[in-house]
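Visitor: Hi! Could you walk me through this structure? I'm new to this.
Guide: Happy to, let's look together.

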Amino acid sequence: MTQARFDRSLLYDSSAPTATTVHDIGLLVLRLVVGLSMAGHGTMKLFGWFGGPGLTATGKGFTMAGYPAGDAMAVIAGLSETLGGLGLALGLLTPLAGAALTGVFINILDVRGFDAYFPPKGIELEVVLFASVIALTLTGPGRYAADHYLPVLRASRPRYSVIALLAGAVVGFVVLLLRD
C-alpha cells in the first residue's frame with residue numbers, strides 16, 4: 001500500500017514574499033511607529049511641538065518629580081527620547097537607541113508608579129512601548145534599516161544589544177538615585 005503524497009503547493013504560494021521579507025517589513029513597521037512616537041515625545045519636551053509643554057515646563061515637571069536640576073534633566077530626557085526614537089525609527093545604531101530609551105523608560109515607570117496597570121492612571125502604554133524597545137533592540141532592526149549597512153553591527157548585534165540594554169538600565173537606575 002502506498003501513501004498518497006500530500007500536495008504542499010496548496011499551503012505554499014511560491015509568489016508570496018519570503019518569511020524573511022515579511023519579518024523585515026514587520027520590524028520596519030514596529031520601528032517606525034515606536035521610534036517616531038518616542039521622537040515626537042522628545043520634541044514635545046524640547047520644543048513644545050505637537051502641543052507639548054516645552055523645555056521650561058518640562059524642567060519644572062522634573063523638579064516637582066524630585067529630580068535635581070530639572071531643566072538639565074528635561075534636556076537629557078528630551079534628547080534621549082528624540083535621538084533614541086529617531087535612531088530606532090531609522091534602524092541607525094539600534095543598540096544605542098535602545099540604551100537611551102531604556103534609561104528613559106526606567107525613569108518614566110518609576111515616576112508614574114506601579115499602583116495601577118490600566119488607564120486612567122496605569123502604566124500599560126509605557127510597558128508596551130518599553131517592551132517594544134527591548135524587543136527591537138534584541139532582534140535588531142531588520143534588513144530595511146541603516147544598521148544593515150554597518151558590518152560591525154550585523155556581525156556582533158546580539159552582544160552589542162545585550163550590553164547596550166544593560167548600560168541603559170544601569171544609567172537609568174543611577175539617574176533614579178538622584179531623585180529625592
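**Around helix α5**

Guide: Just after α5, G140 has a positive phi of about 90°. Helices here are DSSP runs (H or I, at least four residues), numbered from the N terminus. This is a predicted model, where local features need pLDDT of at least 70, side-chain atom pairs count only at pLDDT 80 or more, and totals for chains, interfaces and linings use all residues. Residues are numbered from 1 along each chain as its sequence is written, and side-chain values use heavy atoms, leaving out hydrogens and water.

Visitor: Which residues of α5 are buried?
Guide: They are E126, L129, F130, S132, V133, L136 and T137; buried means under 20% relative accessible area with a 1.4 Å probe, protein chains only.

Visitor: And where do they fall, seen down the axis?
Guide: Within an arc of 155°, so they line one face of α5. The arc is taken from the directions from the helix axis to the C-beta atoms.

Visitor: New topic: how much space lies in the largest pocket?
Guide: About 760 Å³. A pocket is an open set of points on a 1 Å grid over the protein atoms alone, where a 1.4 Å probe fits, with protein on both sides within 12 Å along at least five of seven lines; lining residues have an atom within 4 Å of a point. The volume is the space filled by probe spheres set on the points, which are joined across faces, edges and corners.

Visitor: Which element gives the largest share of its lining?
Guide: That's α4, with nine residues. The lining has 32 residues, and K45, F62, E81, V104 and I108 lie nearest the centre of this pocket.

Visitor: What about the second largest pocket, how many residues line that?
Guide: There are 13, with G140 among those nearest its centre. About 180 Å³ of space lies in this second largest pocket.

Key:
Helices (H or I, at least four residues) and strands (E, at least two) are DSSP runs, numbered from the N terminus. Buried means under 20% relative accessible area, exposed over 50%, partly exposed in between (1.4 Å probe, protein chains only).
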